[in-house]
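Please keep the structure open as you read.

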Amino acid sequence: MRNKTTLLLVLAYLGIRLLSFGLTRHIYLQAAWVFFILVIFGALYFKKRDWALGMLFGELLLGGAGHFFEFFGLSLRTILLSAFAVLWLTKKLLTDKKENFDFPKKLYSLLIIFSLFLIFSATTGLLNGHGIKPVIQDIIPYGFFILIFPLYYFLEKENNREYLKNLLSAFLIGGASFSLFTFTLFSSGMQYLQSPYYKWFRDVAMGKITDMGDGFFRIVTPEHLLITPIILALASLLMKKEKRGKMLWTTIIFALLILILDFGRVYLLALCVGLLILKYKHNWKNWLFINFSVCFIIMTLFFGINVIASGGRSIGMDLFLGRVKSLSQPETETSSLTRMTLLKPILAMIKKEPIIGQGIGAKVIFIDPVNQKQIKTSHFDWGYLELWTELGLFGAMAFLSIIYYINLSLIKKIRTSSDFFYFYIGLLAGTIALLVMNITSPILFHPLGILYLAFITIFTVNVKHKTLN
């Protein structure tokens, strides 16, 4: 049954992208499709709330960046999340006032305090002329914190936990298939930069396709930010020598394939840091074996793909060394040079309003180091500095305090759990990895980053929940 469900979800993952590509220029058909999905979602909610929540999670993991289908500029993801929030809050206020969440008061307090800073920052952004649309776009990801509460009850049921395991498997298998398919199209020459598929991938899937030379193309999509935490969770489970080792190894290979085709330096750095964290309470022998195995799979996939893509001309060593070199010498690579160029104007913005911030929806103005043109962008390329710029010092600290609390709770779970400590170690390593990735990317306050934080919060506040291993 599980394999059948996973297969159906993989087909849904690929079908979403195929349908989106076909409807790219048909805004009225897209709107009709979104309305149809919304009607089904509402019917499922009133029939059985768990089904609607399962549908929402399905969209979050299978729907990429969330822009495959839109209702005249409003994404299906935003519509579903908003509809669920309204329906769920209304039901709670009218019929479930006495229902006890059994959440720690500290967590409630931190969430409420941060919400107040968020409201203040949004108001500041509007007063500073950032515009309603940019402010709304930047505030929506934080709204995913509301999923903590329905998730609390959703994960109590075994069949729901099984569904999430199937969903995660489909996310990895579908993601690897989609990345490999896209890589093959461009590496073989069947597609080219600025082709219709490329423009759909860039503008709708919100991804990047970069020619790195010798037939190797970087295939990057926003949902790849979850790959490193998932790899670390799987690696932690493998260190316990689970009976389903073969299945876990197969799944981790799919995840590593996505990571290799993405070839993001910060993702690989975060993986290395996370693998070090996994040593906590794990046996030295098992830890070394899993780490060596993961590194071996990464090298095998990377060199093998480069050999095939280049027709045997290269194993990718120059590419690998070039990416490593750009960490210490950013001027050698365009994206690294641009990131360094952004530092000065960002720090100037912080210096102007260090305490209250510029407000949500802020944009930075800089001179492009390549064409020497002035550019105004919302992409800061520095996660923590973006937090500080928009939310101010206290707002950023309020947000990071939530993550600090989650990490402390995970550590307590690890110390007190005799059966599932390896599960919690994997979650802790994933959170640390997100903190590393957030150095150069807005990972922590991306919708999927918030979703990950909401998910692991459930396992830190309620010992009744079983693990997903």
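The model is a predicted one, where local features need pLDDT of at least 70, side-chain atom pairs count only at pLDDT 80 or more, and totals for chains, interfaces and linings use all residues. Residues are numbered from 1 along each chain as its sequence is written, and side-chain values use heavy atoms, with hydrogens and water left out.

Q194 sits in the loop between α8 and α9 (196-203); helices here are DSSP runs (H or I, at least four residues), numbered from the N terminus. Although Q194 is not a glycine, its phi is positive, at about 80°. K281 also has a positive phi without being a glycine, at about 70°. K281 belongs to the loop between α12 (265-277) and α13 (284-309), and at 41% relative accessibility it counts as partly exposed.

Now to the helix pairs. The axes are lines fitted to C-alpha atoms over the stretch in contact, and angles run from 0 to 180 degrees between N-to-C directions.

| Helix pair | Axes | Crossing angle |
|---|---|---|
| α3 (residues 49-62) and α8 (residues 158-187) | within 10 Å | roughly 20° |
| α16 and α18 | 10 Å apart | about 40° |

α3 and α8 are therefore roughly parallel to each other (angles under 35 degrees; over 145 is roughly antiparallel, 65 to 115 roughly perpendicular and the rest oblique). Their crossing is right-handed, meaning that the near helix is turned clockwise from the far one by less than a right angle. Among the residues in contact (heavy atoms within 4.5 Å) are M55, F57 and L61 of α3 and Y163, L167 and F171 of α8. This contact divides into ten nonpolar, three polar and one charged residues.

α16 and α18, by their angle, are therefore oblique to each other, and their crossing is left-handed. On the α16 side F399, I403, I406, S409, L410 and K413 take part, meeting I450, L453, I456, T457, F459 and T460 of α18.

How many residues of α18 are buried? The count is 15 of 15, so α18 is largely enclosed by the rest of the structure.

N407 is another residue of α16 (residues 383-416). Its relative accessible area is 11%, so N407 is buried. Leaving aside residues up to four places away in sequence, N407 touches L428, T431, I432 and L435.

Methods: Helix = DSSP H or I, 4+ residues; strand = E, 2+ residues; numbered from the N terminus. Nonpolar A, V, L, I, M, F, W, Y, C, P; charged D, E, K, R; others polar. Buried < 20%, exposed > 50% of the residue type's maximum accessible area, 1.4 Å probe, protein only.
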